[in-house]
Amino acid sequence: MEEKETYCIKVNLPGGVVSAGDLYELLLIAENAGAQAIRVGNRQQLFFCIEANRLEDMETDMLRAEIDYEINEDEFPNIISSYVTDAVFNSESWIKEGVYKDIFDLFNFKPRLKINLVDKHQTFVPFFSGNFNFITSDVSNYWYLYIRFPKTNDIYCWPSLIYSDDIPVISKIAEKVIADHKALFYDQQNINYQKFHKLVIAENEFIDQPITEPLKLPDFQLPYYEGFNKYVNNKYWLGIYRRNELFPLEFMKDICTICVKNRIGQVYTTPWKSLMIKGINEADRKEWGIILNKYRVNVRHASNELNWQLENLNSESLELKQQLVREFEEYDLRTYRLCFAIKMQPKTGLPGSIIIKKRKTDVFDVLHTRDFNPNTKDYVTYKEKVARHDLGQCLIGLCNYFYGILIDDSISLPSPSIEMEDQETNQETHHIYQCKNCFSIYDKTYGDIMNGIAAGIDFETLIDYSCPVCESSKDSFIRIENRATSVK
């Protein structure tokens with residue numbers, strides 16, 4: 001049978017929120033164009049696929065409905081936000097629904113670089129997966145700004161706090177400065193931050209506040225984001241995740257219908273490719289249950305299936321994830337405080353505490369952040385050139401290593417924080433060693449719980465040491481770097 005050409009349609013939902021009525025209209029357009037389902041992207045956008053011969057009619061419908069879209073492109077990344085977490089996963093922040101909406105409304109351009117608006121009290125939405133990462137401060141209506149220049153992992157902290165109303169303006173100017181000076185700021189190893197700052201502030205005067213405290217982020221833990229859950233004022237929220245990433249159009253139309261009927265104004269998308277509906281009344285839970293039963297929607301998946309970041313519309317990533325989840329389930333693996341990212345393409349920017357990175361067909365490198373926090377970019381290579389059929393056991397070993405570190409109360413992972421200035425402490429350096437056979441790391445900061453070695457023991461003083469992963473002898477380890485340690 002001849003294969004039919006298909007097109008992928010992307011629709012951005014600024015901040016990951018859409019009214020139930022607007023979503024229903026989009027669903028009808030997708031349905032009329034022959035789509036069967038929609039997907040949620042990792043930047044809270046929506047996708048659906050149609051055949052080429054339906055494209056012209058879809059474009060006419062989109063134009064009539066005044067809906068912006070892209071075809072097989074991602075030139076304009078969606079603005080993502082932690083709006084979805086408001087009152088659900090955090091309630092202590094000054095940022096509320098009205099502030100988010102005011103900022104979204106002030107954007108009078110379509111960004112070509114990734115913008116994140118994130119509350120620092122939550123860990124559900126990634127902090128640094130954007131190019132312009134705005135993170136709430138303790139000062140009401142003021143934000144830290146961390147800039148990750150395109151195609152790099154270097155993060156620059158803007159030297160003052162940004163006022164909420166200035167977020168769209170500074171984003172527009174900063175994007176233009178980068179576009180106009182690509183030789184300085186685009187895919188460059190050494191960025192002149194002072195020059196960048198000077199060029200941006202020359203274009204506009206901003207309302208700012210001095211930074212008096214460095215940004216400190218909470219310890220990462222991914223909240224369980226499925227099912228019915230009670231929150232404020234005896235209301236419920238419903239989280240829906242789909243193993244195959246597909247949300248059937250008929251199911252989604254029924255979701256929108258019940259939202260409108262029960263005066264639920266908005267539907268939220270999440271960076272974990274799921275949906276959330278807030279404000280469900282106790283009396284209406286049965287009606288929602290009927291919808292879930294009608295479409296056989298399961299809302300109680302295992303936690304070790306929910307904590308994955310995958311590239312959008314990538315069947316290879318999805319198949320690998322499903323394989324690994326089955327192995328995790330068989331092993332009954334604990335993955336609390338961890339999340340995984342599968343990178344089939346270079347420089348995708350997906351956050352993860354453990355990274356599975358494709359080297360070639362069915363061969364992968366496994367990395368982790370040094371403190372196992374997905375919001376840092378300090379990667380350590382755990383193993384290289386791992387065959388696909390060995391990945392499961394490799395990841396299980398790494399997870400066990402992580403929990404081995406946590407067993408001893410005297411050993412704690414470094415607090416995930418981003419300091420803007422060097423602390424006034426004395427420092428000494430120590431060496432880090434890596435097994436040349438399996439690339440496991442020995443760092444005296446953590447010791448080696450699996451071999452009964454406490455934190456603080458220098459590698460040089462170990463006798464008859466063997467690798468906890470592959471059991472290679474001590475002479476298989478090579479010194480790979482120096483690391484500074486604070487001394488009180």
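Contact here means heavy atoms within 4.5 Å. Helices (H or I, at least four residues) and strands (E, at least two) are DSSP runs, numbered from the N terminus.

This is a predicted model, where local features need pLDDT of at least 70, side-chain atom pairs count only at pLDDT 80 or more, and totals for chains, interfaces and linings use all residues. Residues are numbered from 1 along each chain as its sequence is written, and side-chain values use heavy atoms, leaving out hydrogens and water.

Let's start with a helix pair. The axes of α1 (residues 20-32) and α7 (residues 249-261) come within 9 Å and cross at roughly 155 degrees; axes are lines fitted to C-alpha atoms, for helices over the stretch in contact, with angles from 0 to 180 degrees between N-to-C directions. That makes α1 roughly antiparallel to α7 (angles over 145 degrees count as such). Among the residues that meet are Leu-23, Tyr-24 and Leu-27 in α1, and Met-252, Lys-253 and Cys-256 in α7.

Now for a hole inside. The second largest cavity holds about 100 Å³ of space. A cavity is a set of points, on a 1 Å grid over the protein atoms alone, where a 1.4 Å probe fits but cannot get out; lining residues have an atom within 4 Å of a point. Of its 16 lining residues, Glu-245, Trp-272, Lys-273, Trp-308 and Lys-321 lie nearest the centre of this cavity. β19 (308-310) is one of the elements supplying at least two lining residues, and β19 gives the most, with three.

Methods:
Parallel < 35°, antiparallel > 145°, perpendicular 65-115°, else oblique. 1 Å grid on protein atoms, 1.4 Å probe; cavity = no way out; pocket = protein on both sides within 12 Å on 5 of 7 lines; lining within 4 Å. Points joined across faces, edges and corners; volume = space filled by probe spheres on them.
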